[in-house]
Amino acid sequence: MEVILTLLVSSLTALAIAEFYVLPRWFYRTWLGRRKPFSCTTCLTFWVAVLLTLLTCDWMLAPVYGLASAGLTIVIVKLTNR
């Protein structure tokens with residue numbers, strides 16, 4: 001259950017930040033907002049998943065969860081942008 005929750009939370013968080021611009025407008029004008037990972041949805045998803053995994057699960061699984069979450073984000077984007 002924690003795997004699914006970690007993947008969904010990281011995917012939806014990254015989509016909200018990179019695709020729907022939920023952070024303040026001034027953030028996206030700064031140098032950090034225009035650079036990776038904040039300008040790339042899949043990169044941001046990977047790093048959010050790694051951070052969530054480090055905080056909640058085993059540290060050895062962090063890259064695996066990051067890659068799985070990035071893949072899930074690509075699937076979500078493909079399904080919603082038909």
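A search of the whole structure, which is a predicted model, turns up 4 aromatic pairs. Rings of Phe, Tyr and Trp (its six-membered ring) are paired here if their centres lie within 6.5 Å; planes under 30 degrees apart count as stacked, over 60 as edge-to-face and the rest as tilted. A pair of aromatic rings is described by the distance of the centres and the angle of the planes. For Phe 27 and Tyr 28, the centres are 5.4 Å apart and the planes stand at 80 degrees, so this pair is edge-to-face. Phe 46 and Trp 47 also make an edge-to-face pair, with 4.9 Å from centre to centre and 80 degrees between the planes. Ring pairs also tie Tyr 21, Phe 27, Tyr 28 and Phe 38 together into a cluster.

Buried means under 20% relative accessible area, exposed over 50%, and partly exposed in between (1.4 Å probe, protein chains only). Phe 27 has a relative accessible area of 12%, so it is buried, and Tyr 28 counts as buried too because its value is 16%. Trp 47, at 51%, counts as exposed. Tyr 21, another member of the ring cluster, is exposed because its relative accessibility is 53%.

Tyr 21 has something else going on in its backbone: a positive phi of about 50 degrees, although it is not a glycine. This residue sits in the loop between α1 and α2. The next loop, between α2 (25-29) and α3, holds Pro 37, which is joined to Lys 36 by a cis peptide bond with omega about 10 degrees. Most residues other than glycine have a negative phi, and most peptide bonds are trans.

Now for the helices, which, like strands, are DSSP runs numbered from the N terminus (H or I, at least four residues, for helices; E, at least two, for strands). Two packed helices are described by the angle between their axes and the distance between the axes. Axes are lines fitted to C-alpha atoms, for helices over the stretch in contact, and angles run from 0 to 180 degrees between N-to-C directions. Helix α3 (residues 41-56) packs against α4 at an angle of about 140 degrees, with the axes 8 Å apart. That angle makes α3 oblique to α4, given that angles under 35 degrees count as roughly parallel, over 145 as roughly antiparallel, 65 to 115 as roughly perpendicular and the rest as oblique. The crossing of α3 and α4 is right-handed; a crossing gets that label if the near helix is turned clockwise from the far one by less than a right angle, and is left-handed if anticlockwise.

Contact means heavy atoms within 4.5 Å. On the α3 side, the residues meeting α4 include Thr 45, Phe 46, Ala 49 and Thr 53, while the α4 side includes Tyr 65, Ser 69 and Ile 74. By class, this contact of α3 with α4 has 10 nonpolar, 7 polar and no charged residues. Ala, Val, Leu, Ile, Met, Phe, Trp, Tyr, Cys and Pro count as nonpolar, Asp, Glu, Lys and Arg as charged, and the others, Gly among them, as polar.

Helix α3 also packs with α1, at an angle of about 140 degrees and with axes 8 Å apart. Again the result is oblique, and the crossing of α1 and α3 is right-handed. Among the residues that meet here are Thr 6, Ser 10 and Ser 11 in α1 and Thr 45, Ala 49 and Thr 53 in α3. The contact of α1 with α3 divides into 9 nonpolar, 8 polar and no charged residues.

Thr 6, in helix α1 (residues 2-18), is buried because its relative accessibility is 7%. Leaving out residues up to four places away in sequence, Thr 6 touches Ala 49, Leu 52, Thr 53, Thr 56 and Tyr 65. Thr 53 in α3 is buried at 0%. With neighbours within four places in sequence set aside, Thr 53 is in contact with Thr 6, Asp 58, Leu 61, Ala 62 and Tyr 65. Ser 69 belongs to helix α4 (residues 62-80) and is likewise buried at 0%. Its contacts, apart from neighbours within four places in sequence, are Leu 7, Ser 10, Ser 11, Thr 45 and Ala 49.

Residues are numbered from 1 along each chain as its sequence is written, and side-chain values use heavy atoms, with hydrogens and water left out. In this predicted model, local features need pLDDT of at least 70 and side-chain atom pairs count only at pLDDT 80 or more, while totals for chains, interfaces and linings use all residues.
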